[in-house]
Amino acid sequence: MKNIEIFIEHFITYGGYKDYFKGLANTAIIAVFGLLIGFVIGCIIATVKIIPRKNVFFKIVDKIFDVYIALFRGTPMVVQLLLMHFALFPAIGLNIPSVAEAVIIFGLNSGAYMAEILRGGINAVDIGQMEAGRSLGFGFVQTMIRIILPQAIKNILPTLGNEFIALIKETSVVSFIAVLDLTKSLQNIANSTYEYFVPYIVLALTYLILVLGITALIKLMEKRLARNER
Amino acid sequence: MKDNQNNVLLRVNDLHKKFGKLEVLQGVNLEVNKGDVVAIIGPSGCGKSTFLRCLNFLETPNSGEIIFNGDTVFKNMRVYLKRNLRAMRAQKEYDKELYAQIEAEYISLKKEEKVIEKQMNKGINLHRQKIGMVFQQFNLFPHLTILQNITLAPMQLKKLPKDQANEMAMELLKKVGLEDKANAYPSTLSGGQKQRIAIVRALAMEPEVLLFDEPTSALDPEMVGEVLNVMTELAKSGMTMIVVTHEMGFAKEVANRVIFMNDGVIKEENSPEEFFGNPKDERLKEFLSKVL
Ligand SMILES: Nc1ncnc2c1ncn2[C@@H]1O[C@H](COP(=O)(O)OP(=O)(O)O)[C@@H](O)[C@H]1O
Ligand SMILES: [Mg+2]
């Protein structure tokens, strides 16, 4: 009981909740915007990858994308954070808030995974859909955006949901580059009270609630999409 | 380059198409007039689909010429000259004068054909708007309602306002007896209904010619009639149609020209009466005896 009292005192009376909600917001910002950036990158890469007859330009772009995917899937998230925050970003003179940095890095990381997921989703769409779109007079990109991608995204919605959940959990490493996120906010409370039990239980519960909430949301979306076509 | 007979909609000269080593089209020649209903029949794998798909560039032909509405939309004749030149060079002694003549022709053709190719690359989407295509597998867009399937292209590509597009779509739907399905999704429709919608979707772009690639082959027998009825009505309305089909009844009753394709070329072409009553090509006789 004493543990809880100490935590509540620190959380409410000493203003720990401010950091907690700020941390929660940062976690959400990094995950959501990281996902969005990753999604856009993934769509672009997947689209380039399925262009049937590529000219030289697209062949080179394709190779660059391959390298990008290999780099971001082949190294740990923390390493990417450290490398970019302490080495690459200073080297190119990029001076932006740490949260923005985290969004960019998570976006790039997620894009590498999303590209593969989306490509799978696109390949699962019947080739006849592209032909029908083109035969009506739509260009390749227009057909992708209006006809192929909506179906591909529906195919991969569960996988996208998993990617989002993985991303949320992975954001817990951003304290390495001095971002105040959910984990860091409760770590701070634990460190200053020398009382670890309650803060970390609260931390775990918060992530759990987030993840369960999102899981439920995705289920709902899937159901609505499925009903659309019955 | 311009076609003077303004009744000719489509002219195909010596069209060749290869997939790897397999030469599927080996010199197809065809002229289609406005209002023609051309039925193409022939054994499976003889290149009927490939030919149709070359007309709207879902496949790129290797050589030949396609003239649509007086405009040369595809031309590649120089491959032959190039081959001739190479063959001549391979001989120790050849007619230098003739070689120079062919070479000059080759160079001038190359220039002309590059220009056509460039124009085509730019205009390919516009070209396809004028050529509707109906597929064996319908290929309706499953994530859109029937109404959206029909109005998507006119709204996006022709910038038709939504209310006008909807109005036109409903009118077309009434013609094929499916106005009550406007807000349904394709997965709720039967095969015959899907194909009727696919025809409407193509018509909504007001194309100058409709290509049908075995439109009834994926249908249960009891649904073939409803689709053929729609096609018959279309033919009566003056629509130019090129129809790859196994429905000999349709070829006989509705088409005004019937074509037998085999081995990548057109073996026989005639009016339906002559075609079915008095076939000349041996393979055609054999084919007809099997399918009739
Ligand atoms: N994209 C392709 N790649 C390779 N071969 C193909 C392709 N499309 C068609 N073919 C081959 O070309 C031949 C003619 O095919 P197709 O035009 O579909 O015939 P049909 O429609 O008369 O049955 C077949 O042997 C087929 O296997
Ligand atoms: Mg075929």
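**View 1. Helices H4 and H6 of chain B run roughly parallel to each other (that term is for angles under 35 degrees; over 145 is roughly antiparallel, 65 to 115 roughly perpendicular, and the rest oblique).** This is a predicted model, in which local features need pLDDT of at least 70 and side-chain atom pairs count only at pLDDT 80 or more, while totals for chains, interfaces and linings use all residues. Residues are numbered from 1 along each chain as its sequence is written, chains are lettered from A and ligands numbered from 1 in the order in which they are written, and side-chain values use heavy atoms, with hydrogens and water left out. H4(B) covers residues 146–157 and H6(B) residues 191–203, and their axes come within 8 Å and cross at roughly 25 degrees. Axes here are lines fitted to C-alpha atoms, for helices over the stretch in contact, with angles from 0 to 180 degrees between N-to-C directions. On the H4(B) side look for Ile146(B), Asn149(B) and Ile150(B), which meet Ile197(B), Val200(B) and Arg201(B) of H6(B) (contact: heavy atoms within 4.5 Å). That set divides into four nonpolar, one polar and one charged.

**View 2. Ligand 1 sits among residues of chain B.** Around it are Phe19(B), Leu22(B) and Val24(B), plus Ser44(B), Gly45(B), Cys46(B), Gly47(B), Lys48(B), Ser49(B) and Thr50(B) (each with a heavy atom within 4 Å). Check the backbone here: a N or O atom of Cys46(B) lies 3.3 Å from a ligand 1 oxygen atom. For Gly47(B), a polar backbone atom is 3.1 Å from an oxygen atom of the ligand, and for Lys48(B) a backbone N or O atom lies 2.8 Å from one.

**View 3. Over in chain A, helices H5 and H7 are oblique to each other.** H5(A) takes in residues 98–123 and H7(A) residues 140–170; the axes come within 9 Å and cross at roughly 135 degrees. This crossing is right-handed. Among the H5(A) residues that meet H7(A) are Phe106(A), Tyr113(A), Met114(A) and Ile117(A), and the H7(A) partners include Met144(A), Ile148(A), Leu149(A) and Glu163(A). By class, the contact has 14 nonpolar, five polar and two charged residues.

Technical notes. Helices (H or I, at least four residues) and strands (E, at least two) are DSSP runs, numbered from the N terminus. Ala, Val, Leu, Ile, Met, Phe, Trp, Tyr, Cys and Pro count as nonpolar, Asp, Glu, Lys and Arg as charged, and the others, Gly among them, as polar. A polar contact is a pair of N or O atoms within 3.5 Å; within protein, one must be able to donate a hydrogen and the other to accept it, and residues adjacent in sequence count only if both atoms are side-chain atoms. A crossing is left-handed if the near helix is turned anticlockwise from the far one by less than a right angle, and right-handed if clockwise.
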